[in-house]
Number of protein chains: 2
Amino acid sequence: MVNLVDFEKKLQEKIRKADEIIRSYLPEPKGFSRKIIEAMNYSMTAGGKRIRPILMFESYQMFGGNKSVIEPFMAAIEMIHTQSLIHDDLPAIDNALYRRGRKTTHAVYGEAMGILSGDALLNYAYETAMQALFYLDDTDRSIQAMQILAEKTGIYGMIGGQSVDVENEKNDKQVLDKELLDYIYLNKTATLLEIPLMIGAVLGGAGKKEISCMEQIGTKVGLAFQIQDDILDVTSTIEELGKTIFSDEQNYKTTYVTLLGTKEASRRVESLTKDAVHLLEMLPGEKEFLSQLFLYLAFRKK
Amino acid sequence: MVNLVDFEKKLQEKIRKADEIIRSYLPEPKGFSRKIIEAMNYSMTAGGKRIRPILMFESYQMFGGNKSVIEPFMAAIEMIHTQSLIHDDLPAIDNALYRRGRKTTHAVYGEAMGILSGDALLNYAYETAMQALFYLDDTDRSIQAMQILAEKTGIYGMIGGQSVDVENEKNDKQVLDKELLDYIYLNKTATLLEIPLMIGAVLGGAGKKEISCMEQIGTKVGLAFQIQDDILDVTSTIEELGKTIFSDEQNYKTTYVTLLGTKEASRRVESLTKDAVHLLEMLPGEKEFLSQLFLYLAFRKK
């Protein structure tokens, strides 16, 4: 049995550490371009839980990694995640004014700066990740990590999934079939959990099979994470969630809940998470916290 | 004296070759994400003159480069340039419906897809450039080239310049001072000419001083290019230009023409271009076409 108080304490400490690392990679707002740097940093310090950088760090440690080469990648994945949120929130896409209980970037800095600060963060993620190429011991593995980052962020990953999501939202009351919904979830959400688990493994010195296993774990945890998001959208309150609830219903969005109902959707979250923990157990290294984190993400209340 | 007919013939042939290379790096529209790939390719095949990839190739050859490692970078710089145009044209920024005589990307595919296809192209530029890291002879120089690409694209380059431009457009009738205008032109426009000249030099095996000289040349040619753009906006016709004319005036935009007048602005184009050609002449290698291209860009009519 997990001691929840102990786990939460550990998690808070890990969030604090990841946050510190991420902040150390943020650009300083100065010079003529001060405003866009402020907009980037506004969104990067909006109280995110740093889940993806923590997953990366845990995976890295699990495979024996103990150097700072992981740090630029921890910052980079959070920049890419944040970039996707900024652009998702834009008026032309989700038109969201609040996230994590704060005004969204475009709501504060205007739509043009919302677009550009997202571009800036995406680009800065690569500038940051490239710093890892100068840790001479690890050049080959850093290149491999960069490639995973780029491929799973682009049209064959996150941005591809997001584009299909946006394209199908327009067809107001059309219900998506499960194949299409899975495509969106796997690409839009799950890739962003596969990336950190895989990069941690690559830089930690894992073998091909282990890296592939971490990818599969990321897929399962990511899918569970998104389905839980669907569930929270209908079962949570705006105070708990810090953002609009029933937004999926209002947007006529097909979700796992609309396709399967809350109960069956919850069962999926549970079985995907169990599978992920089971796969994790087959790997070497210290992974107690990581498996607890998977459970925590699956059964989170916000 | 330059034989203009000969030069134009050579240029057309070089455009054809660059275009062929660029197209070979475009993703194939298939699968669920077909739409966003179509939107990317729509803008990437909209009849751009491939100036930046050609500059890169010429610089590469001038320093003795003769391998295909340059090709992914030629495609990547054109993707980044195109990304910046797609996002510039969005309703929240320039709200342009036509470019190069064709409808802009958001005008055809919608605003959300305009945002996402720009994101996709920016990301795909890095995916593409990374292919050069697997040309084993050149890994170190490929990394250096990637770094130039990323740094000069981001907040300390193109995106930074664009953000300051956007920020100052809002102050309707305020006239910018020359320092601020130079900052915008140097970052928004000149960086995108510095990048190809520098990357060509880096991959071609140039030394530090030569790379720095190519950067300076790019700065001058880029500044001249943008000032000529200002001049064409007030002296050209919509048929010649393929896009809206007098757009700067309608947007109360400060330009070199509004600050200095057409005549003095033309003089600047001339002297910057002369300086660039002079710097180029001090470098080794075959550069006749490149210096003609600088003149052609400076005195272009559209």
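Asp182(A) is buried, with a relative accessible area of 17%; buried means under 20% relative accessible area, exposed over 50%, and partly exposed in between (1.4 Å probe, protein chains only). The structure is a predicted model, in which local features need pLDDT of at least 70, side-chain atom pairs count only at pLDDT 80 or more, and totals for chains, interfaces and linings use all residues. Residues are numbered from 1 along each chain as its sequence is written, chains are lettered from A and ligands numbered from 1 in the order in which they are written, and side-chain values use heavy atoms, with hydrogens and water left out.

The side chain of Asp182(A) forms a salt bridge with that of Lys178(A) at 3.0 Å, N to O. A salt bridge is here a side-chain nitrogen of Lys or Arg within 4 Å of a carboxyl oxygen of Asp or Glu. Lys178(A), at 33% relative accessibility, is partly exposed. Helices (H or I, at least four residues) and strands (E, at least two) are DSSP runs, numbered from the N terminus.

Over all chains, the whole structure contains 38 salt bridges. In one of them, the side chains of Glu78(B) and Arg50(B) meet at 2.9 Å, N to O. This pair links distant parts of the chain, 28 residues apart: Glu78(B) belongs to helix H4 (residues 70-88) of chain B, and Arg50(B) to the loop between helix H2 (34-44) and helix H3 (51-62) of chain B. Both Glu78(B) and Arg50(B) are buried.

Another salt bridge joins the side chains of Asp165(B) and Lys188(B) at 2.8 Å, N to O. Asp165(B) lies in helix H8 (residues 158-169) of chain B and Lys188(B) in helix H9 (residues 178-204) of chain B, so the pair ties together parts that are 23 residues apart in sequence. Asp165(B) is buried, its relative accessible area being 9%. In chain A, salt bridges with shared partners connect Asp88(A), Asp165(A), Glu169(A), Lys188(A) and Lys253(A) into one network.

The relation between the chains comes next.

Gln83(A) is buried, with a relative accessible area of 1%.
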